[in-house]
Amino acid sequence: MSATDSPAVELAGVHKVFHAGRPGEVTALTGVDLTIARGEFIALIGPSGCGKSTLLRLVADLITPSGGTVTVAGKPAGKARLDQEYGIAFQQAGLFEWRTVRRNVELPLELRGTPKRERRARAEEMLALVGLADFARHYPAQLSGGMQQRVAIARALAVHPPLLLMDEPFGALDEMTRERLQDELLRICAATGTSTIFVTHSVPEAVYLADRVVVMSARPGRITDVVPIDLGERGEATRQSPGFFAGITTVRAALRGTPVAVES
Ligand SMILES: Nc1ncnc2c1ncn2[C@@H]1O[C@H](COP(=O)(O)OP(=O)(O)OP(=O)(O)O)[C@@H](O)[C@H]1O
Ligand SMILES: [Mg+2]
């Protein structure tokens with residue numbers, strides 16, 4: 001299989017133990033098998049501490065598995081990281097305090113050697129998208145928590161990465177901004193063919209965004225269900241549709257541990 005027709009992400013028998021063999025040993029993940037197709041949108045949901053951030057960090061090669069393999073775009077995760085296959089927006093905004101908002105968004109483009117003029121134009125386009133065009137010259141400390149989070153989202157999207165990893169990116173946002181960014185995110189992912197892993201605690205958000213909702217349970221963290229969502233093109237009507245509510249009911253049942261149809 002060549003790199004171009006390989007899945008976006010492949011986790012096989014992944015296991016992660018923190019502090020192995022020492023006091024405070026934690027098995028964060030066990031027996032994780034998941035294949036994500038190119039262009040697919042995966043929502044990851046499960047109780048606090050079940051290993052969602054750990055799974056994302058393994059895919060991003062920020063930590064290494066204790067067992068099993070993590071393959072991204074047909075390559076080991078470490079190689080994919082060096083090849084800059086990712087855009088990442090994590091639970092904390094993680095902005096650089098000494099850089100302006102615009103220069104924070106420009107940073108991944110700078111690292112890729114994108115020319116200054118193009119960098120600036122792209123950063124401004126992304127800031128407009130997240131509703132922060134007027135704040136380009138501000139510093140992160142001058143923004144609210146939700147605004148900082150939106151800068152982090154703009155930064156993750158700026159490079160149009162093949163794989164987008166997002167860890168509760170919309171958690172700090174008001175409902176209307178959140179719904180607008182959900183639609184924008186779907187539009188960008190569809191337009192650029194981006195594959196996405198999106199962690200959320202919101203069942204409606206997971207169902208609205210995802211092609212498949214991956215449900216996890218804690219202690220030890222593992223995948224308990226994969227719920228396919230078939231709602232077609234999303235829009236305002238989707239949020240009122242019977243299919244949307246049916247999806248929510250199915251994911252809720254899976255979170256409670258009530259058996260539902262599982263896709264292999
Ligand atoms: N660096 C670390 N060192 C030790 N234990 C860790 C580390 N990172 C995570 N863990 C443990 O691994 C488990 C899973 O943590 P993780 O952050 O992946 O959970 P989560 O599903 O993202 O939770 P939340 O929804 O609260 O963000 C927890 O028991 C946590 O204490
Ligand atoms: Mg987390």
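**Entry 1: the whole chain**

I note here that the model is a predicted one.

I took the box along the principal axes, and the C-alpha atoms fill roughly 50 × 45 × 40 Å. I checked burial next: 40% of the 264 residues are buried. I also looked at how far apart in sequence the contacting residues are. Of the contacts with a separation of 6 or more, 69% join residues 24 or more positions apart.

**Entry 2: two domains**

I looked up the domain assignment. Domain 1 is made of two stretches, 1-85 and 161-264, and domain 2 covers 94-160. I find their C-alpha centres 25 Å apart.

How many residues of each domain are in contact with the other? I find twelve from domain 1 and twelve from domain 2. On the domain 1 side, I see two elements that give two or more residues, β7 (163-167) and α6 (175-192). I find that α6 provides the largest share of that side, with five residues. I sorted the domain 1 side by class and got eight nonpolar residues, three polar and one charged.

**Entry 3: helix α6**

I turned to α6 by itself. I compared its length with expectation: 18 residues at 1.5 Å a residue should span 26 Å, and the end C-alpha atoms are 26 Å apart, so the two agree.

Which residues of α6 are buried? I list Gln 182, Leu 185 and Cys 189. Looking down the helix axis, I see the buried residues within an arc of 70°, so they line one face of α6.

I looked for what the buried residues of α6 pack against, and found β3 (41-45), β8 (195-199) and α7 (203-209). On the face turned away from the buried side, I find the exposed residues Met 176, Arg 187 and Ala 191.

Gly 193 follows α6, and I read its phi as positive, near 70°.

Key. Residues numbered from 1 in each chain as written. Chains lettered and ligands numbered in written order. Predicted model: local features only at pLDDT ≥ 70, side-chain atom pairs only at ≥ 80, totals over all residues. Domains from an automatic or database assignment. Contact = placed C-beta atoms within 7 Å. Helix = DSSP H or I, 4+ residues; strand = E, 2+ residues; numbered from the N terminus. Nonpolar A, V, L, I, M, F, W, Y, C, P; charged D, E, K, R; others polar. Buried ≥ 20, exposed ≤ 12 C-beta atoms within 10 Å, placed from the backbone. Expected span 1.5 Å × (residues − 1). Arc of directions from axis to C-beta.
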